[in-house]
Amino acid sequence: MTLPFTDDGRPGAEVPLLNIANVLTVLRILLVPVFVALFFVSDAQDPWWRVGAFVVFALAMATDYVDGYLARRLGLVTDFGKIADPIADKALMAAAMISLSLVDELFWWVTIVILVREVGITLWRLFGVDHVVAASKGGKLKTVTQTLGVGMLILPLPYWFWPVEWAVIGVALVLTVYTGLDYLVKARQAARAGS
């Protein structure tokens with residue numbers, strides 16, 4: 001991918017496919033099976049393996065922020081990154097939520113609602129249905145609450161902490177549905193304005 005101009009107005013250089021932002025994206029994808037393997041050691045009942053799974057999950061989610069920041073800050077945006085980054089994000093969240101549902105620690109309907117929204121909007125963006133609109137602050141808050149809620153469910157926290165975990169999951173669920181509908185409405189409005 002060639003950037004048209006640099007910050008000082010000179011013609012841009014071609015962005016190499018092998019750059020730190022893309023490496024972090026690929027690392028996040030590679031951490032998905034590592035997370036699943038750690039989570040299911042001893043049928044997901046061993047607390048130390050659960051902590052290990054959480055560490056991998058948290059590390060992988062942190063790379064989501066870092067690779068996006070570096071890509072924008074250093075001008076390392078590539079077509080590969082645009083496609084691979086959302087796939088990596090959704091693969092990790094899907095793996096965590098499905099794993100929790102398989103051991104009856106997250107209701108399947110919650111997992112399905114969240115994943116249908118996430119995959120649907122990701123496909124919408126990738127294939128450019130109607131108009132693509134920028135992510136909102138609500139979308140970023142949705143990601144934070146999803147990550148926090150799922151992360152707490154992965155950790156072997158005491159039972160008395162259950163109401164806090166489910167309160168966060170509840171907020172994440174509401175934000176997920178709301179921001180998904182909001183995105184679709186704004187995309188349709190942008191399409192009408194464009195036509």
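## How α1 passes α3

In this predicted model, α1 passes α3 in a left-handed crossing (the near helix is turned anticlockwise from the far one by less than a right angle). The axes of helix α1 (residues 20–39) and helix α3 (residues 79–102) come within 9 Å and cross at roughly 15°. The two helices are therefore roughly parallel, a label for angles under 35 degrees.

Where they meet (contact means heavy atoms within 4.5 Å), α1 brings residues including Val26, Ile29, Val32 and Phe35, and α3 residues including Ala84, Ala88, Leu92 and Ala95. By class, this contact has 14 nonpolar, four polar and three charged residues.

The loop between α2 (47–73) and α3 holds threonine 78. Threonine 78 is buried, with a relative accessible area of 4%; buried means under 20% with a 1.4 Å probe, protein chains only. Its side chain makes a polar contact of 3.1 Å with the side chain of asparagine 22 (a pair of N or O atoms within 3.5 Å, one able to donate a hydrogen and the other to accept it). Asn22 is also one of the α1 residues that meet α3.

## α3 with α5

Helix α5 (residues 137–154) and α3 have axes that come within 10 Å and cross at roughly 40°, again in a left-handed crossing. Met93, Ala96, Met97 and Leu100 of α3 meet Gln146, Thr147, Val150, Leu153 and Ile154 of α5. This contact has seven nonpolar, two polar and no charged residues.

## Reading the numbers

Residues are numbered from 1 along each chain as its sequence is written, and side-chain values use heavy atoms, without hydrogens and water. Local features need pLDDT of at least 70 and side-chain atom pairs 80 or more, while totals for chains, interfaces and linings use all residues.

Key. Axes fitted to C-alpha atoms, helices over the stretch in contact; angles between N-to-C directions. Helix = DSSP H or I, 4+ residues; strand = E, 2+ residues; numbered from the N terminus. Parallel < 35°, antiparallel > 145°, perpendicular 65-115°, else oblique. Nonpolar A, V, L, I, M, F, W, Y, C, P; charged D, E, K, R; others polar. Buried < 20%, exposed > 50% of the residue type's maximum accessible area, 1.4 Å probe, protein only.
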